[in-house]
Amino acid sequence: QAVWDILVPFSGYAFNKAHSAAYGLISYWTAYLKTHYPVEFMAALLQGAATNKDKTALYLGEARRMGIQVLSPDVNESVYEYSAVGDVVRFGLGAIRNVGDKAVADIIAEREGPRGKFVNFMDFIRRVPLTALNRRLVESLIKAGAFDSIDPNRRALLTVHEAAIDSVVSLKRKQAEGQFDLFSDAEDGGAEAMGDASVTVPDLEEWDKKTKLNFEREMLGLYVSDHPLSGMQSILASLREMSIAHLVDRAKTMGEGQQVTLAGLVTNVDRRVSKKGNPWAIVTIEDMESSIQCMFFGKVYEAAAAELAVDAIVQIRGQVELRDETVSLRATEMQIPTLEAEDERPLVITLPPVALERQRMMQLGQVLANHPGYCEVHLAMLDEKGNAQVLTFGDRFRVKRDTSLFAEIKILFGPSCLPAA
């Protein structure tokens with residue numbers, strides 16, 4: 001009976017030697033590849049999760065943590081899938097919404113042909129076949145940033161893309177039917193056969209960061225070139241008990257009803273009314289790694305309704321809910337962290353070259369890390385003539401302005417290292 005009582009609960013997670021050996025070997029291979037071929041490993045991992053937005057966001061966050069840059073898709077560089085290029089990962093064109101494999105194959109074939117890579121947006125429009133030239137596809141490429149390396153103003157390209165396509169589409173159809181312009185180079189049959197078809201890209205002010213990133217997210221399912229929360233990792237960590245990805249991963253072991261506090265950016269607010277006429281909402285929040293839906297009901301919704309808005313940074317406490325393998329949060333409380341105006345001003349530390357010794361810089365790094373906040377830190381290095389070269393510390397060292405931080409910096413470098421204000 002004693003043996004049986006031990007054996008029954010053990011059978012819930014009994015692992016025989018064959019399984020242990022097989023999984024042990026796979027774990028070793030995986031760890032080896034991630035250690036010695038990190039870029040190729042992350043590219044393969046991202047491609048394997050290409051259809052899973054949450055997994056992709058999680059792996060993208062891991063790539064950032066490892067110091068691996070994941071570049072936006074590019075009509076001159078990307079293939080269909082994610083690819084390792086030197087020490088960076090390049091987004092695949094196939095990951096863009098409305099872009100199919102046939103169009104990608106035609107784009108790649110054209111840029112690898114005798115005329116080489118595309119030199120600007122109109123060169124692309126003239127050269128690619130009709131399969132890669134419908135309006136929705138080109139619009140998607142623009143919004144995803146696929147033309148940034150040759151024509152970086154996304155707003156300007158979106159303004160003229162329809163006119164640009166219209167200027168060549170009839171000629172391309174005639175080409176496809178074998179009706180070539182007698183005055184063009186008949187052997188070329190490509191860009192030269194487009195004659196004078198051309199549209200000038202206007203000089204417009206580019207979209208702001210928020211608009212660019214929202215379009216990028218619409219086309220790719222997540223932020224790639226940047227993130228609205230960049231530089232706020234330490235602040236988010238101080239506002240939450242765990243990351244959203246960590247919660248999703250641990251939800252089953254935590255069980256339903258467990259209270260947890262999350263922090264992130266509101267990306268969608270779906271306001272609804274129940275059959276009884278009571279208002280409620282489904283609010284999607286995300287951090288640098290993943291996203292989750294939070295349900296607001298009753299008095300909790302009433303208290304938060306006025307402050308629930310897209311792009312707001314929120315702190316939400318609630319109960320974990322599990323339904324059909326989906327993890328959500330039933331909100332019990334919400335707060336909006338206050339962002340003081342002074343936090344937006346960079347903190348400038350002015351130092352002569354003699355003060356830039358390794359030990360003191362390490363001490364400065366520790367001081368900054370002990371005061372996490374939203375404020376950038378700039379280091380102004382003075383030369384013998386009093387001219388300053390300004391360097392910007394990374395997002396890891398953003399700080400909160402307070403007297404204790406100023407005091408610690410002045411202890412290290414003297415009172416003149418900080419402005420009087």
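**Salt bridges in the model**

Mentor: Glu162 and Arg135 form a salt bridge, their closest N and O atoms lying 3.7 Å apart; the term denotes a side-chain nitrogen of Lys or Arg within 4 Å of a carboxyl oxygen of Asp or Glu. This pair links distant parts of the chain, with Glu162 in helix α8 (residues 154-176) and Arg135 in helix α7 (residues 135-143), 27 residues apart. Helices (H or I, at least four residues) and strands (E, at least two) are DSSP runs numbered from the N terminus. The model is predicted: local features need pLDDT of at least 70, side-chain atom pairs count only at pLDDT 80 or more, and totals for chains, interfaces and linings use all residues. Residues are numbered from 1 along each chain as its sequence is written, and side-chain values use heavy atoms, leaving out hydrogens and water.

Arg135 also forms a salt bridge with Asp166, where the closest N and O atoms are 2.6 Å apart. Because Asp166 lies in helix α8 and Arg135 in helix α7, this pair ties together parts 31 residues apart in sequence. Arg135 counts as partly exposed at 38% relative accessibility, as do Glu162 at 37% and Asp166 at 40%; buried means under 20% relative accessible area, exposed over 50%, and partly exposed in between (1.4 Å probe, protein chains only).

For context, a search of the whole structure finds 19 salt bridges. Among the residues involved elsewhere, Glu110, Arg115, Asp123 and Arg127 are linked in a network of salt bridges.
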